[in-house]
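Dear colleague,

Please find below the structure that I am handing over to you. My notes on what was found in it follow directly after.

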Amino acid sequence: QVQLVESGGGLVQAGDSLRLSCTASGGTFRNYVMGWFRQPPGKEREFVGVISWGGSNTYYAGPVKGRFTISRDNAKNTVILQMNSLKPEDTAAYSCAAATFRTFEIPTIMARSRYTYWGQGTQVTVSS
């Protein structure tokens with residue numbers, strides 16, 4: 001059983017940056033592909049980005065590509081979502097998730113149903 005805890009959310013202005021952290025416990029962190037998802041107000045949860053087991057591969061959703069960066073530190077059981085040039089439409093509850101994929105393939109790594117463990121989420125609000 002893996003427990004995930006996010007931190008770093010808050011209220012920022014458009015154009016600002018924010019860094020979210022997700023710390024894992026209870027499992028072998030390097031065995032999991034780690035994804036970030038977000039749920040905007042009144043909408044379904046959507047894929048943001050994902051990082052492979054060792055961190056050598058990443059993939060991002062179109063709306064965040066070029067602005068968001070995911071990294072991980074397996075020694076610290078932590079995955080980071082660095083968000084730059086934030087926009088009001090980035091306002092959402094952000095969650096990290098862990099999955100035991102055999103391969104790092106699209107679209108499988110984007111599917112929220114394929115992730116086994118989820119954090120409780122952290123709120124990001126971007127004002128205009």
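Predicted model: local features only at pLDDT ≥ 70, side-chain atom pairs only at ≥ 80, totals over all residues.

Salt bridges

The side chain of Glu 46 meets that of Arg 38 in a salt bridge, at 2.6 Å from N to O. Arg 38, at a relative accessible area of 5%, is buried, because buried means under 20%. In the whole structure, four salt bridges are found.

Another of them joins Asp 90 to Arg 67, with the closest N and O atoms 2.7 Å apart. Asp 90 belongs to the loop between β8 and β9, and Arg 67 to the loop between β6 and β7, so this pair ties together parts that are 23 residues apart in sequence. Both residues are buried: Asp 90 has a relative accessibility of 1%, and Arg 67 has 11%. Arg 38, Glu 46, Arg 67 and Asp 90 are linked in a network of salt bridges.

A further salt bridge is formed by the side chains of Glu 44 and Arg 112, at 3.3 Å from N to O. Here the loop between β4 and β5 holds Glu 44 and the loop between β9 and β10 holds Arg 112, so the pair connects parts that are 68 residues apart in sequence. Glu 44 counts as exposed, at 59% relative accessibility, whereas Arg 112 counts as partly exposed, at 39%.

The open sheet

Four strands form an open sheet in the order β1-β3-β8-β7, with antiparallel pairing. Since β1 and β7 stand at the edges with a single partner strand each, one side of each is left without a neighbour in the sheet. From one strand to the next, the twist averages 15°.

β1 pairs with β3 over five bridges, and Ser 7 has Ser 21 in β3 as its bridge partner. β7 pairs with β8 over six bridges, where Arg 72 stands opposite Val 79.

The nonpolar core

The largest nonpolar core has 38 residues, and Leu 4, Met 34, Trp 36, Leu 81, Met 83, Tyr 94 and Tyr 115 touch the most other members. Several strands each supply at least two residues, including β3, β4 and β11. β9 gives the most, with six residues.

Yours sincerely

Definitions and conventions: Residues numbered from 1 in each chain as written. Heavy atoms only, no water. Pairing = 2+ DSSP bridges. Axes fitted to C-alpha atoms, helices over the stretch in contact; angles between N-to-C directions. Core = buried A, V, L, I, M, F, W, Y, C linked by side-chain atoms within 4.5 Å. Buried < 20%, exposed > 50% of the residue type's maximum accessible area, 1.4 Å probe, protein only.
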